[in-house]
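Please keep the sequence and the model open beside you.

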2 protein chains.
Amino acid sequence: MKEKVVWQGSTQLAPVPVVLVGCGNNTDIPYNLITVAWAGTVCSDPAMLGIAIRPERHSYGIIEKCGEFTVNLPSRRLAKTVDYCGVVSGRDVDKIKKCSLHAFPGKSVSAPVIEECPITLECKLQNTIPLGSHTLFLGVIEAIQLDPELIDPSGRMDIDRADLLAYAHGHYYGLGECIGHFGYSVRKKPGPVVRK
Amino acid sequence: MKEKVVWQGSTQLAPVPVVLVGCGNNTDIPYNLITVAWAGTVCSDPAMLGIAIRPERHSYGIIEKCGEFTVNLPSRRLAKTVDYCGVVSGRDVDKIKKCSLHAFPGKSVSAPVIEECPITLECKLQNTIPLGSHTLFLGVIEAIQLDPELIDPSGRMDIDRADLLAYAHGHYYGLGECIGHFGYSVRKKPGPVVRK
């Protein structure tokens, strides 16, 4: 048996997504952004995701009040913006303006779609689950907005073109090379080409 | 306003972790592994994570019955094993044996720690939330097991040495270069070195 080091439990699941969560409606509640790495898909049908936010964060009350939010997936070139939106508060700074981002309302929600992010998931809040330091908001993904540049000639999304960011143990990463796709371990190899 | 393409909602949060969830106790319930990409951190204090599993999967009943599970983070070199454990069922195959993996019980749970994975999170099931196609299991992370090779000379974990896998839009990826760490956008640069 290989020797292991045992530590007490901590949040070491990795890599995780790191996203710009948008909230507010730009009418009575100004738009705000908060960077969230405690995020994950939780259901395929209906398509749902979860984001975990501390109750003391400015966006918390906005999401609770509006009952909707967006999840904007940033590209690698937005890493510094993503970090900034995780360390300053919307109580003090208009982060969208400060970061020179552009926002417009979603198709299914009033929360902001961030133009500079290649992929945005529009979510309606379904469950609010207090857990301790964080509350888990579960949202149904109602619509997705994509940069047209992500669509390949066959009409499918080419995720590599989004150049997405990941987060692990306090560090931001780009994705490396693609290793394989779902099911590749059991796929029969095509037979040899027979030249006639 | 930049033109976007609008699609109906689907599970496009990315990148997400892709982990080997271990279950069973190796006494009355044999060990099993299931690959899960619908996983995320949900709380820092207590340290908690969520994994979403379809009720029809073999591991589902085992986790419900045992009330515990492990989350084993695989290295890039395990990509094919990870894929395999996501497409075959523990009803038909002893995946641990078939993949030449080695398992031993955790410190805080009886569920299997997979020796070949550099990081294992031992979890006790706290909430079971049915959502539709998937049920979200929330677990408290009780302990962590790490390969000693991950610990740097200062006693901290060097996550780069784990060479972790990510998953995006049906594809497996390694992580690319580290871009920065939390707070780097607002850190004051050190002043110039003054030569006396």
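**Exercise 1.** What covers the buried residues of H1(B)?

*Solution.* Before we start, a word on the model: it is predicted, so local features need pLDDT of at least 70, side-chain atom pairs count only at pLDDT 80 or more, and totals for chains, interfaces and linings use all residues. Residues are numbered from 1 along each chain as its sequence is written, while chains are lettered from A and ligands numbered from 1 in the order in which they are written.

Step 1: find the helix. H1 of chain B spans residues 58-66; helices (H or I, at least four residues) and strands (E, at least two) are DSSP runs, numbered from the N terminus.

Step 2: pick out its buried residues, which are B:Ser59, B:Ile62 and B:Ile63. A residue is buried if 20 or more other C-beta atoms lie within 10 Å of its own, exposed if 12 or fewer, and partly exposed in between, with C-beta atoms placed from the backbone. These three cover an arc of only 95 degrees around the axis, so they sit on the same side of H1(B); the arc is that of the directions from the helix axis to the C-beta atoms.

Step 3: look at the cover. It includes E3, E4, E6, E7 (68-73), E10 (119-130) and E11 (135-146) of chain B. Just after the helix, B:Gly67 has a positive phi of about 70 degrees.

**Exercise 2.** Work out how chain B is related to chain A, and describe the contact between them.

*Solution.* The same surface serves both copies, as 100% of the contact residues of chain B recur in chain A.

Step 1: count the contact. Chain B gives 82 residues and chain A gives 82 residues, two residues being in contact if their C-beta atoms, placed from the backbone, lie within 7 Å. On the side of chain B, strand E13 (residues 171-181) supplies the largest share, 11 residues.

Step 2: follow the strands across the contact. Two strands pair if DSSP finds at least two bridges between them. E13(A) and E13(B) run antiparallel and are joined by seven bridges, with A:Tyr172 opposite B:Gly180. Four bridges also link E11 (residues 135-146) of chain A with E1 (residues 5-8) of chain B, again antiparallel; here A:Gln145 has B:Val6 as its bridge partner.

**Exercise 3.** Trace the hairpin in chain A that includes E13(A).

*Solution.* Step 1: E12 (residues 165-168) and E13(A) run antiparallel, joined by four bridges. A:Leu165 faces A:Gly174. Step 2: two residues lie between the strands, and A:His169 in the turn has a positive phi of about 55 degrees.

**Exercise 4.** Where are the cis peptide bonds from Asp45 to Pro46 placed?

*Solution.* Step 1: in chain A, the bond joining A:Asp45 and A:Pro46 is cis, with omega about 0 degrees. A:Pro46 lies in the loop between E5 (39-43) and E6 (48-53) of chain A. Step 2: in chain B, the bond from B:Asp45 to B:Pro46 is cis, with omega near 5 degrees. B:Pro46 is in the loop between E5 (39-43) and E6 (48-53) of chain B.
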